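Dear colleague,

Please find below the structure that I am handing over to you. My notes on what was found in it follow directly after.

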Amino acid sequence: MAGTAEAAAGGAAGAGGLSWRGGFGRLWSAAAISRFGDALRGTALPLLAHALTSDPLLIGLVTACGFAPWLLFGLVGGAVADRVDARRAMWAVDLLRGALMAGFACAVAAGAAGIGLLLALAFALTTLQTLFDNAATTLLPELVPRSALTAANARLMAGQEVVGRFAGGPVAPVLLGAGAALPFAADAATYVLAAALVASLRTGPPRRPPAASGRALRREIAEGVRALWRDRILRVCCLSVALGNVGIGALIAELVVVVKDWLGAGDFGYAAVTTAYGAGTVLGGLLAGRVAARAGGQLRTLLAAGAVQTAVLVVCGTVRVAAVAAAALALFGFAGAVWNVLETTVVQQRAPEAMLGRIAAAFRTVSVAGVPAGALLGGAVAVAAGPRSPALLAAALLGLGTAVLIPAVRRGAGTSSESGQIPHTAL
């Protein structure tokens, strides 16, 4: 099937080659366009929530509803992704999400959008995302050789952040000033355009065999969970991410509170901080492979990235200067991008092709489980201890998650200095 992948990718030359032509180029374009719309919504939605209510708990609840569906439907989404054509699932989901966003934009324009509608929208979009993300994870290995996955993931992430942070993020406040519904209407349009690009992909026969007819979905889900648990490296990484994501949930839910109430910045200050974060993310995505090689392996790189993220969040919660916070979040974004690229690649490289959707879903479900709780915890801490406390809480929890990796690193796992790949040793 390597020949099929190379043809779909536009004729990648040699092992590890990655071509912009053909399938990967269109997938990259779809991801970038969709990210632009997501950035508009991601910036506008917290600002809209902040305008509708000053209660940090309600603001945190919007974020919690944006992650809770992973706990309910994440494993189902992975099993379905292993059963269906990933390309068709992705464009169908994007069309449905575009319709939802168009309806929400109409509600905002009519002045009918309240916190309840924001909660429902966040829940619905993430429910659909459980299928979309798992399908996307299984689709990429069909478009590029496995040896090129790190480069492909890095380019996808860098492209998404360039478009999202440098275009979508700064443009969102401008559109909000022209009309509260405009960012959400634009997001709806990007979903439709991305769906058209994905629908045009030609991947050839799938690498994984189709699921046997009549098999119970519950049994297939259980197989994915067991496979994740039995792989020591994936199990350790998943636990580390799960702990850290409790802190991330607190941070992202209350970032608008930290920036506007603790740092005293306005809407454009909030956009500037998130843009700085995006700049770091772009650079981290581009350099993830090199950083891993120089650090001596993927686990060691993850350990270093987690330590950096912990340190800069302490700075964000102790130094009350917007420029310092922007610089710290740029470094936070760099380390986070390195982490995300390597984490995604590890799952794609280590999981059997026939179970990739289920294993990826199990990994995401466990790792995301802490985010809704973290979002609510961040709101409660902000009420009790002030607007800077979510950043300090996130630092403590990220530090705990990073510490989980230390025993695995000491045992020498993931120390390939040449490729930075973790050797496949399961228990």
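**A buried glutamate and its salt bridge**

Glu 220 is buried, its relative accessible area being 1%; buried means under 20% relative accessible area, exposed over 50%, and partly exposed in between, with a 1.4 Å probe and protein chains only. Please note that this is a predicted model, in which local features need pLDDT of at least 70 and side-chain atom pairs count only at pLDDT 80 or more, while totals for chains, interfaces and linings use all residues. Residues are numbered from 1 along each chain as its sequence is written, and side-chain values use heavy atoms, with hydrogens and water left out.

The partner of Glu 220 in a salt bridge is Arg 83, with the closest N and O atoms 3.1 Å apart. A salt bridge is a side-chain nitrogen of Lys or Arg within 4 Å of a carboxyl oxygen of Asp or Glu. This pair links distant parts of the chain, since Arg 83 belongs to helix 4 and Glu 220 to helix 9 (residues 217-230), 137 residues apart. Helices (H or I, at least four residues) and strands (E, at least two) are DSSP runs, numbered from the N terminus. Arg 83 has 37% relative accessibility and counts as partly exposed.

The structure holds 8 salt bridges in total. In one of them, the side chains of Arg 358 and Asp 82 meet at 2.8 Å, N to O.

Through salt bridges that share partners, Asp 82, Arg 219, Glu 223 and Arg 358 are joined into one network.

**Helix geometry**

The protein has 17 helices and 0 strands. The axes of helix 9 and helix 10 (residues 232-262) come within 5 Å and cross at roughly 95°; axes are lines fitted to C-alpha atoms, for helices over the stretch in contact, and angles run from 0 to 180 degrees between N-to-C directions. Helix 9 is therefore roughly perpendicular to helix 10, a description that covers 65 to 115 degrees, whereas angles under 35 count as roughly parallel, over 145 as roughly antiparallel and the rest as oblique. Leu 228, Trp 229 and Arg 230 of helix 9 make the contact with Arg 232, Leu 234, Arg 235 and Cys 238 of helix 10. Contact means heavy atoms within 4.5 Å. The residues of this contact comprise 4 nonpolar, no polar and 3 charged; Ala, Val, Leu, Ile, Met, Phe, Trp, Tyr, Cys and Pro count as nonpolar, Asp, Glu, Lys and Arg as charged, and the others, Gly among them, as polar.

Helix 11 (residues 267-295) bends by about 60° at Leu 287, the bend at a residue being the angle between axes fitted to the seven residues ending there and the seven starting there. After helix 11 comes Gly 297, whose phi is positive, near 135°.

Arg 97 is found in helix 5 (residues 86-109) and counts as buried at 5% relative accessibility. Apart from neighbours within four places in sequence, Arg 97 is in contact with Leu 125, Leu 128, Gln 129, Phe 132 and Tyr 191. Gly 103 also lies in helix 5, but is partly exposed, with a relative accessible area of 40%. The C-alpha atoms of Gly 103 and Ala 188 are separated by 8.9 Å, although the two residues are 85 residues apart along the chain.

Phe 123 lies in helix 6 (residues 115-143) and is partly exposed at 31% relative accessibility. Leaving aside neighbours within four places in sequence, Phe 123 is in contact with Cys 65, Pro 69, Leu 72 and Phe 73. Phe 123 and Ala 64 are 59 residues apart in sequence and 8.6 Å apart in space, C-alpha to C-alpha.

**The protein as a whole**

Of the 427 residues of the protein, 54% count as buried. Among contacts with a separation of 6 or more, 87% are between residues 24 or more positions apart.

With kind regards
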